[in-house]
Amino acid sequence: MSDLVARTGRQQQRYDAGCRLIAGCIPFRYRSSEGSSDEVSDKVVEVLMIDTPSGPGLLFPKGGWENDETVEEAAVREAIEEAGVRGELMGFLGIYHFKSKTQQDEFSPEGLCRAAMYALFVNEELESWPEQNTRNRSWVTIPEAIESCRHAWMRDALVIGFNKWHAQHMNDES
């Protein structure tokens with residue numbers, strides 16, 4: 001059993017103009033492609049996605065940004081709680097708006113959410129984590145992630161946000 005405990009409840013949630021503020025990340029790593037050298041350019045990018053008991057498809061870790069943390073701290077916390085990974089935030093991928101079908105409350109009666117998404121380079125996979133009993137994690141390639149992603153806004157964060165950030169990041173290292 002994990003010594004870490006997932007935060008629950010809405011008492012500390014941040015809201016702005018009727019939107020629940022969300023923090024999340026796209027955890028990633030590099031895997032050597034078959035028969036390649038050790039060059040980063042020969043590596044395959046894999047992203048970590050999780051499932052959830054509430055429906056089909058895969059998701060990236062995300063959740064409510066709370067009053068006692070920065071948005072970056074919230075993104076890192078969600079990666080630990082939901083996916084059981086730790087790493088280094090490498091880049092801001094953008095703000096994505098969506099409507100939650102299940103998370104309407106007095107502060108966001110229409111379920112409007114605004115998510116700040118980040119790229120998280122994974123350097124540790126935990127053997128146990130707070131939500132491991134309700135979530136499975138899967139390393140997938142970007143095309144597999146695009147195909148299996150449940151939410152359009154998360155797909156946009158991957159295709160528009162992460163791919164653009166990663167291409168720029170790779171050019172900077174060249």
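Which residue's side chain meets that of Asp 16 in a salt bridge? The partner is Arg 114, with 2.7 Å from N to O. A salt bridge here is a side-chain nitrogen of Lys or Arg within 4 Å of a carboxyl oxygen of Asp or Glu.

## Ground rules

This is a predicted model, so local features need pLDDT of at least 70 and side-chain atom pairs count only at pLDDT 80 or more, while totals for chains, interfaces and linings use all residues. Residues are numbered from 1 along each chain as its sequence is written, and side-chain values use heavy atoms, leaving out hydrogens and water.

## The overall layout

The chain has three helices and eight strands. Read from the N terminus, the order goes β-β-β-β-β-α-β-β-β-α-α. Both kinds of element are DSSP runs numbered from the N terminus: helices are H or I with at least four residues, strands are E with at least two.

Of the 174 residues in the chain, 45% are buried. Buried stands for under 20% relative accessible area, exposed for over 50%, and partly exposed for anything in between (1.4 Å probe, protein chains only). The accessible surface of the chain is about 9,300 Å², and carbon and sulfur atoms hold 48% of that. Those areas come from the Shrake-Rupley method with a 1.4 Å probe, and for residues only the protein chains shown count as cover.

Now for contacts, meaning heavy atoms within 4.5 Å. Take those in the chain with a separation of 6 or more: 71% of them are between residues 24 or more positions apart.

## Back to Asp 16 and Arg 114

Asp 16 sits in strand S1 (residues 15-16) and Arg 114 in strand S7 (residues 112-125), so this pair ties together parts that are 98 residues apart in sequence. Asp 16 is partly exposed, at 36% relative accessibility. Arg 114 also counts as partly exposed, at 22%.

## The other salt bridges

The salt-bridge count comes to eleven. One of them joins Arg 77 to Glu 69, whose closest N and O atoms are 2.6 Å apart.
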